Amino acid sequence: MATDNTFDTDRGTGGETHQHVPEKGTHTGTNHLTTNQGFHVSDNQNSLRSGERGPTLLEDFVLREKIFHFDHERIPERIVHARGSAAHGFFELFESLSDITKADLFQRPGEKTPVFTRFSTVAGGAGSVDTPRDVRGFAVKFYTKEGNWDLVGNNIPVFFIQDAIKFPDLVHAVKMEADRAFPQAGSAHDTFWDWASLMPETTHMLMWAMSDRTIPRSFRTMEGFGVHTFILVNAKGKSTFVKFHWKPKLGLQSTVWDEALKLQAADNDYHRRDLWESIRSGNFPEWELGLQLFDQDFADAQPYDVLDATKIIPEEIIPVRIVGRMVLDRNPDNFFAETEQAAYCPANIIPGIDFSNDPLLQGRLFSYLDTQKSRLGTANFHQLPINAPKCPVMNFQRDGQMQMNVPMGRANYEPNSLAGHDEEGGPRECPVSGFSTFQGRSQQQEQGDKLRVRAELFADHYSQARLFWRSQQPSEQAHIASSFVFELSKVGLAQVPPRMVGNLRNVDEDLAKRVAAGLGLALPQKAPAARAPFDMEPSPALSIHTNMKATIEGRTIGILVADGTDASALAKLTKAIQTAGARVFLVAPKIGGAKLADGTIVKADGQLMGSPSQLFDAIAILLSQGATRTLINEGAAVQWVMDAFGHLKAIGYGPEAKQLLDKAGIEPDQGVVLIDDNFVEAAARRYWDREPKVRSLA
Ligand code: HDE
């Protein structure tokens with residue numbers, strides 16, 4: 001009878017976690033495969049059946065348990081921010097903030113607090129791609145000594161709506177349409193723009209969403225924002241308003257839209273892989289934490305309401321004070337157990353930090369706990385290792401599904417008088433160290449008639465949208481106008497694009513005209529504005545192109561090699577790139593690599609067809625004349641060069657490869673350089689001025 005396994009059990013079954021299989025019949029090994037009840041499993045290849053060719057027996061508890069567990073492996077994905085990637089790390093404080101907050105993690109310079117940080121797209125499902133045009137989530141869980149503080153932010157400092165009651169409408173409109181379940185992971189469709197064009201308060205965020213902020217190069221090169229105004233409270237009870245900022249060490253970097261589109265095909269996991277690989281290779285992503293601090297008098301003097309999440313405070317007016325840094329230095333051990341089960345909640349705050357009355361924030365305080373109960377299936381999800389505070393948790397909450405702790409003692413109520421009577425009385429409330437809500441969030445008393453209203457300044461929907469537009473470089477303005485054209489061109493409802501352009505006329509007439517022209521529309525009537533917009537001083541901090549760092553640190557340079565490539569030129573270039581802090585990725589026609597001119601073989605990191613130039617920040621081409629002659633007839637090679645040029649990247653080439661550049665139609669400019677002519681310096685930037693030569697922008 002054939003009882004033998006398909007796999008040689010002595011060498012394991014290919015499952016890396018169970019390589020050692022002890023002799024049959026022994027029960028002493030520590031690497032035995034077991035059931036969830038702890039029985040050793042003797043055969044993991046064949047189910048129990050009646051006779052060699054007979055039916056499987058219901059009695060097979062090993063089979064049933066394994067299939068049962070598998071059947072229940074999936075949990076509901078997050079309703080928004082379903083696709084994400086996360087990492088462990090630490091926050092390190094630079095200077096004591098005891099004058100403004102009593103929060104323990106902000107007291108002692110140099111002290112490190114563990115964090116778990118998750119980045120996400122918003123609209124797409126868990127299996128969607130990494131590079132759609134979308135806002136990115138930026139959620140940080142600080143495991144402080146006083147309990148968990150979650151700063152659940154985005155990579156954009158404003159939001160689409162002012163009041164939480166609109167959130168389900170926003171999310172329904174942007175996600176795949178209700179009847180047809182498409183499109184996935186994108187806002188370029190009817191329902192989103194129908195809704196957004198009817199909601200002028202979205203206009204400021206739409207400007208950001210149509211800018212290059214929503215097509216970031218990587219998570220490592222995004223800013224993060226707490227968005228809302230929060231409150232810090234010091235030991236004396238004095239309060240200060242605060243807005244939280246994360247500034248990436250590598251500076252801001254984005255892709256161009258055509259590149260982001262092509263990345264969806266080149267690598268679905270472009271951002272996830274980048275985060276994982278940079279941590280694994282020891283290039284730990286890092287951000288500085290900055291605070292914008294202000295008081296009630298400042299708030300009262302502004303022409304916008306600091307409680308309105310569609311408004312920023314320009315950094316030029318309240319500078320961002322850098323107070324610490326976050327370093328992500330460890331990938332999760334298990335994606336599901338950690339990243340998927342991580343439950344962030346803006347209501348998780350600690351003494352010394354408090355909420356403001358921002359109506360969007362107030363709604364969020366309810367939503368996250370509620371959705372997590374449904375997503376994680378039990379009120380005890382805070383006990384999961386990734387969510388559990390790293391300080392003691394003691395209370396009288398008991399039972400519930402999936403209770404993973406064993407609470408001790410007789411007392412499960414408070415007050416009780418069991419302490420001191422040979423019984424454990426349990427924990428007590430602590431008025432001194434405990435969290436007490438800050439009294440007096442605003443100078444007005446927090447009481448009044450019950451009203452469904454918004455404060456007057458919330459009605460200004462356009463001044464800051466205009467501020468954003470006027471703070472961009474011309475290259476960035478062209479991207480914004482073109483994104484509006486791209487997205488609205490996907491809208492089939494005839495009434496929507498003119499309505500949207502009518503709103504944009506309140507932001508800037510030139511923008512509206514460019515979008516209308518790009519759509520082939522007559523300029524529509526200007527939409528009435530609930531409150532007349534006014535001009536604010538442009539804020540250079542809002543521009544990515546102004547603030548990119550001219551460095552290749554943390555970037556990836558693709559080098560195309562083939563048989564006959566000059567070995568010493570390759571070695572020299574590799575060294576120069578690595579010395580400047582970037583990674584080299586060798587691309588060759590075959591994955592086995594290339595035989596260099598001196599006879600040595602180098603292995604390729606990727607095969608040409610599977611490694612399009614979208615994957616790299618700049619490219620270099622080191623080929624022999626013979627290889628160039630072959631590759632000019634290879635579509636993937638020609639496309640490799642054309643795309644790098646079209647995506648405004650630096651191209652370095654050895655003289656032998658010139659024919660390939662010619663075939664790709666490259667018109668040399670400052671970014672197209674012979675490798676010897678300081679390619680590394682050229683690779684540190686993108687060539688925005690090349691763009692009008694390669695595509696027409698609105
Ligand atoms: Fe969220 N949001 N949100 N959001 N949000 C969720 O919670 C919600 C908002 C943000 O990596 C959900 O556990 C409401 C602003 C991030 O796990 C849900 C409103 C900002 C993440 C929810 C907002 C965010 C979420 C879905 C309007 C930036 C992912 C799954 C009042 C400051 C966190 C979950 C992670 C996730 C509700 C608006 C950021 C449904 C009601 C503004 C980064 O509870």
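Trainee: In what order do the six strands of the open sheet stand, and is the pairing parallel or antiparallel?

Mentor: First, some ground rules. This is a predicted model, where local features need pLDDT of at least 70 and side-chain atom pairs count only at pLDDT 80 or more, while totals for chains, interfaces and linings use all residues. Residues are numbered from 1 along each chain as its sequence is written. Helices (H or I, at least four residues) and strands (E, at least two) are DSSP runs, numbered from the N terminus. Two strands pair if DSSP finds at least two bridges between them. Now your sheet: the order is E15-E12-E11-E16-E17-E18, and the pairing is parallel.

Trainee: Which strands stand at the edges?

Mentor: Strand E15 (606-607) and strand E18 (672-674) do; each has a single partner strand, so one side of each is left without a neighbour in the sheet. For E18, look at strand E17 (residues 651-653), which pairs with E18 in the parallel sense over three bridges. Within that pair, Tyr653 is opposite Leu674 of E18.

Trainee: Which strands does helix H15 lie across?

Mentor: For angles, axes are lines fitted to C-alpha atoms (for helices, over the stretch in contact), and angles between N-to-C directions run from 0 to 180 degrees. Helix H15 (residues 567-579) lies across strand E11 (556-560), strand E12 (583-588) and strand E16 (618-621), and runs at about 145° to E12.

Trainee: How do I read an antiparallel pair, and which strands does E6 pair with?

Mentor: A handy idea to start with: in a regular strand the side chains alternate between the two faces of the sheet. Here, strand E6 (residues 230-233) runs antiparallel to strand E10 (residues 353-355), and three bridges join them. Phe230 has Phe355 as its bridge partner in E10. E6 also pairs with strand E7 (residues 239-248), in the antiparallel sense over four bridges, and there Ile231 is partnered with Phe241. E6 and E7 make a hairpin with five residues between them, and Gly237 in the turn has a positive phi of about 85°.

Trainee: Where are non-glycine residues with a positive phi, and where are cis peptide bonds?

Mentor: Most residues other than glycine have a negative phi, and most peptide bonds are trans. Asp399 isn't a glycine, yet has a positive phi of about 60°; Asp399 sits in the loop between H9 and H10. Leu648, also not a glycine, has a positive phi of about 65° and is in the loop between helix H17 (635-646) and E17. As for cis bonds, one joins Phe182 and Pro183, with omega about 0°, and another runs from Glu414 to Pro415, with omega near 5°. Pro183 is in the loop between H2 and H3.

Trainee: Are Asp399 and Leu648 buried or exposed?

Mentor: Count C-beta atoms, placed from the backbone: a residue is buried if 20 or more others lie within 10 Å of its own, exposed if 12 or fewer, and partly exposed in between. Asp399 is exposed because there are 9 other C-beta atoms within 10 Å. Leu648 is buried because it has 23 C-beta neighbours inside 10 Å. Across the chain, buried residues make up 41% of the 698 residues.

Trainee: How do I describe two packed helices, say H2 and H3?

Mentor: Two packed helices are described by the angle between their axes and the distance between the axes. The axes of helix H2 (residues 167-174) and helix H3 (residues 190-197) come within 7 Å and cross at roughly 145°. Residues are in contact if their C-beta atoms, placed from the backbone, lie within 7 Å. On the H2 side you find Asp169, Ala173 and Val174, meeting Thr191, Phe192 and Trp195 in H3.

Trainee: How many residues surround the ligand, and which helix gives the largest share?

Mentor: A residue is near a molecule if its C-beta atom, placed from the backbone, lies within 6 Å of it. Here 27 residues surround the ligand, and the closest are Arg78, His81, Gly137, Ala164 and Val227. H9 gives the largest share of the shell, seven residues. By class, the shell has 14 nonpolar, 10 polar and three charged residues. Nonpolar means Ala, Val, Leu, Ile, Met, Phe, Trp, Tyr, Cys and Pro; charged means Asp, Glu, Lys and Arg; the others, Gly among them, are polar.

Methods:
Two residues are in contact if their C-beta atoms, placed from the backbone, lie within 7 Å.
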